[in-house]
Amino acid sequence: MLMKTANQAIDHTFAKHVLKGLSSPEKFLSYRYFYDARGDRLFQSIMASPEYYLTDCELEIFENRGDELAQALMTEGPCELIELGSGDGLKTSLLLDALHEHHQDWVYRPVDISDNSLDLLQQRLIPGRPWLDFQAIHADYMELLREFQPGGIRRVFMFLGSNLGNFTSRQAITFLRLIRCAMAPGDAFLVGLDLKKDPDVIRAAYNDAAGHTRDFNLNLLARINRELGGEFELELFEHVPDYDEDSGTARSGVRSRVEQNVRVAALNRVFHFSRGENIHMEISQKYDEALIGDLSSASGFVVEKSFVDSRNYFTDQVWVCAD
Ligand code: AVI
């Protein structure tokens, strides 16, 4: 049974998730809960850190190859660009501008669960672009994808930033199949994926010297304290980044420095941690050609075009229906 905490109404989905994750023999908490207001700010700091190359690499592709990217997506007739997760609009604006230069004005439909992110995006994109048809969709993109019927106006789905890498391979295939089912022949999917590279470069990206990634992970425990009356002492936990070169999987979470019990008032539970016990939080998958081939074919796609940055760190690819 959930107990009320003094300060606020409880997010029951979060509470149930925490109960499940911390009661499991191998404790886990989902990366999806990183992104409260403080988590959003910490993620901005991660993206601005010198070690976190992903954002710059993808931006470089959009800056230098935006025109080719636009040409790869162009078509006769009306089209809608559906961005799953709204991002900060910078990369998208480059693509929309490139399309506009080719006299292709598409309906741009960012999909996000956060009204606030959609409003911010609109404020960034609309000024100076009177031609832009901006139609935000306030929704959970997984739920929205289940409702889409293929056909009608041509669609290009877009999922940038290597967000796909935060899914397990099973989740990734489920997600990709949902997109594939929402597509008709002639539609396309533009996806950004982080590539395998020197493992030290990847390890540094998830363990930045300023400690933003550490704070990002620990913030999930702080969020339990704030929202569920948790009693986590953050200094008794440490950030554990790990990268396995063979599989290309970066994993991160936190580890208990000592044996301890932590009470979470709203759950009316005390959780036991042995010394060195982990709470797994996130994977960030890195890809190579073989992995991309497996993933695309398992979900009914073929890779039509791919673009990489000058260091070969990141790729943006246009996928189309396999049949
Ligand atoms: C949002 N996502 C693609 C980021 C990543 O690289 O996996 C989240 C992140 N986690 C720690 N640093 C960045």
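Is S299 buried or exposed? In this predicted model, S299 belongs to the loop that joins α10 (289–298) to β12 (301–308). Its relative accessibility is 3%, and S299 therefore counts as buried, given that the term applies to residues under 20% relative accessible area. The C-alpha atom of S299 is separated by 44 Å from that of V258, a residue 41 positions away along the chain.

The surroundings of the ligand were examined next. The ligand is surrounded by 13 residues, and the closest of them are Y52, N166, Y206, E282 and S284. Sorted by class, this shell comprises seven nonpolar, five polar and one charged residues. At least two residues of the shell come from α2 (37–48), and at least two from β11 (278–285). For N166, a side-chain N or O atom is 2.9 Å from an oxygen atom of the ligand. For Y206, the corresponding distance to an oxygen atom of the ligand is 2.6 Å. On its own the ligand has 340 Å² of accessible area, of which the protein covers 97%.

A straight helix of 20 residues would span 28 Å at 1.5 Å a residue, whereas α3 spans only 23 Å between its end C-alpha atoms. A bend of about 80 degrees is found in α3 at R65. Several residues of this helix are buried, among them L54, C57, E58, I61, F62 and L69. In an α-helix there are 3.6 residues a turn, so residues three or four places apart point the same way. The buried set of α3 also includes L59, G66, A70, A72 and L73.

Two residues other than glycine have a positive phi. What is the phi of S162? The value is about 60 degrees, although S162 is not a glycine. S162 is placed in the loop between β5 (154–159) and α7 (169–181), and it counts as buried because its relative accessibility is 5%. N312, likewise not a glycine, has a positive phi of about 65 degrees. N312 lies in the loop between β12 and β13 (314–321). With a relative accessibility of 48%, N312 counts as partly exposed, since that class extends from the 20% limit of buried residues to the 50% limit of exposed ones.

The loop between α1 (12–23) and α2 contains D36. The relative accessible area of D36 is 12%, and this residue is therefore buried. A polar atom of the D36 side chain lies 2.8 Å from the backbone nitrogen of G39.

A contrasting case is provided by E147, which is located in helix α6 (residues 141–147). E147 has a relative accessible area of 60% and is therefore exposed, as the class requires a value over 50%. Between the C-alpha atoms of E147 and M74 the distance in space is 25 Å, and the two residues are 73 positions apart in sequence.

Definitions and conventions: Residues numbered from 1 in each chain as written. Predicted model: local features only at pLDDT ≥ 70, side-chain atom pairs only at ≥ 80, totals over all residues. Heavy atoms only, no water. Near = heavy atom within 4 Å. Polar contact = N/O pair within 3.5 Å; in protein donor to acceptor, adjacent residues only side chain to side chain. Areas by Shrake-Rupley, 256 points an atom, 1.4 Å probe, with all protein chains shown as cover. Helix = DSSP H or I, 4+ residues; strand = E, 2+ residues; numbered from the N terminus. Nonpolar A, V, L, I, M, F, W, Y, C, P; charged D, E, K, R; others polar. Expected span 1.5 Å × (residues − 1). Bend = angle between axes of the 7 residues up to and from the residue. Buried < 20%, exposed > 50% of the residue type's maximum accessible area, 1.4 Å probe, protein only.
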